[in-house]
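Welcome, and take a moment with the sequence and the model before reading on. The notes below go through the fold one part at a time.

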Amino acid sequence: MIDPADLSVTLVDGYVDEPAHFGVPPYVSTYPRFTAGALVDAGVPPEAITYHTIDELREERSRWRDVADADLFVYVGGMTVPGNYVGGTPAEPDEVKELAWTADGVTLMGGPVRFGVGDQNEGATETERKDLDYDFVAKGDVEAAVHDLVESGLEGFGDRMRDNEELDRWAQKGAFVVEQHPNHPEYLIAELETSRGCPYRCSFCTEPLYGDPAFRTPESVVREVERLAESGVRHFRLGRQADILAYGGDGEKPNPDALRRLYGGIREAVPELGTLHLDNMNPLTVVKWPDLAREGIRVIAEHNTPGDTAAFGLESADPVVQEANNLNVTADECFEAVRIVNEEAGWRPDDPVGDDGDEGDRRVGPSHGPEAGRRLPKLLPGINLVHGLQGEREETFEHNRRFLQRVYDEGYMLRRINVRQVMAFAGTDMSETGADIARDHKTQFKRYKREIREEIDNPMLQRVVPTGTVLPDVHLEYHQDGKTFGRQLGTYPLLVAVPGERPLGEVIDVAVVGHGYRSVTGVPYPLDFNGATMAELTAIPGLGKRRAGDVIVNRPYESPADVAGDVDVDVDLTKFATGD
């Protein structure tokens with residue numbers, strides 16, 4: 001019998017992307033943390049657990065020695081929705097196999113990879129279940145598998161799902177592993193689980209394979225947050241659930257009191273909180289219980305940080321596709337949910353406060369136009385659209401386009417529009433159809449997606465993030481084409497381009513000066529007109545290259561007003577600089 005106290009374990013994070021779970025840097029998913037906690041609970045000393053990301057192994061081959069030498073090697077990862085990533089690159093199947101071949105000890109693979117593996121992590125693909133040459137593959141929860149495997153002396157385990165009592169222990173005991181993440185502590189956001197599973201059964205989605213939702217208590221989540229905060233984490237996202245509004249209830253009906261305990265507890269546990277965002281919200285919940293939903297949304301907007309996004313799974317605005325795939329919300333219902341979230345949470349923290357009758361003075365949205373504040377709105381909807389579903393036809397693309405145009409024309413805001421093609425997994429209704437429809441419509445899909453970016457995304461972004469909006473704490477990540485690109489921490493953060501090549505890893509505040517389709521251009525805020533570069537000055541709307549040159553020639557200045565008067569420009573330069 002192998003004594004757990006004598007084991008050495010290496011844990012490699014290949015990253016995850018599921019319908020209700022994200023773990024590509026700067027995110028760290030629950031899987032490595034819960035797995036580390038299960039190892040400790042089974043008797044493995046924390047100091048005997050080594051954690052690496054797949055990107056670390058790519059960058060430094062010497063780290064593969066930790067994989068080779070470990071008594072137990074555990075790989076966690078898997079993509080069940082396609083995406084494009086900036087902060088990290090998910091492991092490809094060939095890399096996952098190479099890890100198994102490198103390890104001399106016992107090997108275990110788990111996470112959403114158990115649902116299936118494609119040739120590449122992309123849409124319009126079929127997947128199949130593969131063991132990728134590992135000794136063991138966790139067909140249930142990888143954290144339960146690793147716990148039982150260690151207790152058995154590395155002889156084996158029975159596939160099972162962990163319960164919330166185990167999760168309460170493992171979530172706290174495994175929080176320490178984030179200290180080994182390469183982004184720790186400044187540029188790391190921890191994904192938090194409130195529940196798994198979904199009461200609805202959309203044809204393509206893997207989330208129902210976890211069963212009906214089983215909610216953790218607010219106290220359990222808050223205790224985990226406290227342990228993560230003790231390990232240096234200040235940024236959190238409640239992303240591991242199908243519907244945040246249903247938290248703490250029967251899985252469908254909103255429970256504002258549970259949300260109040262959850263959000264209030266997190267705020268109390270981390271006084272120096274940097275980010276508190278969420279991910280999924282079911283629009284059907286909003287329209288079925290509008291009063292309770294409004295109350296819950298107000299609770300969220302009271303406690304969260306600006307720029308938050310509630311992803312709405314509309315999936316398709318085509319009624320034919322909705323019926324064929326058991327989608328649970330119509331286009332009209334989703335539009336109503338968009339309206340409600342805009343009204344209750346579309347305000348900005350620095351908006352003027354208005355009188356709201358019996359509820360006292362509070363800000364109400366949506367907030368855009370000349371009187372709007374200069375920060376991002378507190379909470380806005382995002383729209384998910386999936387193509388390649390059963391019943392898709394030429395009219396489907398027009399239904400989706402009309403829905404998005406309607407939202408824009410009515411004056412509401414969407415923080416993000418996610419358009420992707422389906423991935424087909426065993427156990428879902430789409431497994432029989434596969435990716436045939438998506439492949440057949442690929443050319444039309446590309447044209448339609450480009451039109452959405454040009455006709456909807458760009459004007460919508462100008463509404464959500466008008467010129468002069470201040471984005472605090474932008475982390476600079478890479479250089480390209482003479483610019484430096486960075487993002488804030490949070491749900492679906494905007495990509496920000498800053499003129500010039502600034503030091504990577506620097507954290508700056510940015511004032512927005514221009515808009516792309518899904519990104520913005522900004523200058524450091526507050527801008528020092530006496531030290532600003534030609535590229536930074538040229539980027540400011542209304543200056544242009546000639547006036548920017550005049551500013552450089554005629555400086556120093558005492559105030560932005562002096563700059564505006566000197567170069568004869570009708571621009572409020574205080575949006576980009578202080579009065580000094």
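## Ground rules

Two strands are said to pair if DSSP finds at least two bridges between them. Helices (H or I, at least four residues) and strands (E, at least two) are DSSP runs numbered from the N terminus.

Please keep in mind that this is a predicted model, in which local features need pLDDT of at least 70 and side-chain atom pairs count only at pLDDT 80 or more, while totals for chains, interfaces and linings use all residues. Residues are numbered from 1 along each chain as its sequence is written, and side-chain values use heavy atoms, with hydrogens and water left out.

## The chain as a whole

The chain has 19 helices and 22 strands. Of its 580 residues, 58% count as buried, where buried means under 20% relative accessible area, exposed over 50%, and partly exposed in between (1.4 Å probe, protein chains only).

Contact here means heavy atoms within 4.5 Å. Among contacts between residues at least 6 apart in sequence, 74% join residues at least 24 apart.

Let us start with the open sheet whose three strands come in the order β12-β15-β16, with parallel pairing. Its edge strands, each pairing on one side only, are β12 (308–315) and β16 (416–421). On average, and ignoring direction, neighbouring strands of this sheet are turned by 25° against each other. Helix α13 (residues 394–409) packs on the sheet and touches β12, β15 and β16; its direction makes about 170° with that of β15. Such angles run from 0 to 180 degrees between N-to-C directions, and axes are lines fitted to C-alpha atoms, for helices over the stretch in contact.

β12 and β15 (residues 379–387) run parallel and are joined by six bridges; Phe-312 has Ile-383 in β15 as its bridge partner. Six bridges also pair β15 with β16 in the parallel sense, and Asn-384 stands opposite Asn-418 in β16. How many residues of β16 are buried? Six of its six are.

## A four-stranded sheet

A further open sheet has four strands in the order β3-β9-β10-β11, and its pairing is parallel. Here the edge strands are β3 (27–28) and β11 (275–278), each of which pairs on one side only. Strand β10 (residues 235–240) runs parallel to β11 and is joined to it by four bridges. Arg-237 stands opposite His-277 in β11.

## Two packed helices

Helix α6 (residues 164–173) packs against helix α7 (residues 218–230) at an angle of about 15°, with the axes 8 Å apart. The two are therefore roughly parallel to each other; angles under 35 degrees count as roughly parallel, over 145 as roughly antiparallel, 65 to 115 as roughly perpendicular and the rest as oblique.

Asp-168, Ala-171 and Gln-172 in α6 meet Ser-220, Arg-223, Glu-224 and Arg-227 in α7. By class, this contact has one nonpolar, two polar and four charged residues (Ala, Val, Leu, Ile, Met, Phe, Trp, Tyr, Cys and Pro count as nonpolar, Asp, Glu, Lys and Arg as charged, and the others, Gly among them, as polar).

## Around Asn-458

Asn-458 sits in helix α16 (residues 442–464). Its relative accessibility is 16%, so Asn-458 counts as buried. Leaving aside neighbours within four places in sequence, Asn-458 is in contact with Arg-453, His-515, Gly-516 and Tyr-517. The C-alpha atoms of Asn-458 and Arg-518 are separated by 7.1 Å, although these residues are 60 residues apart along the chain.
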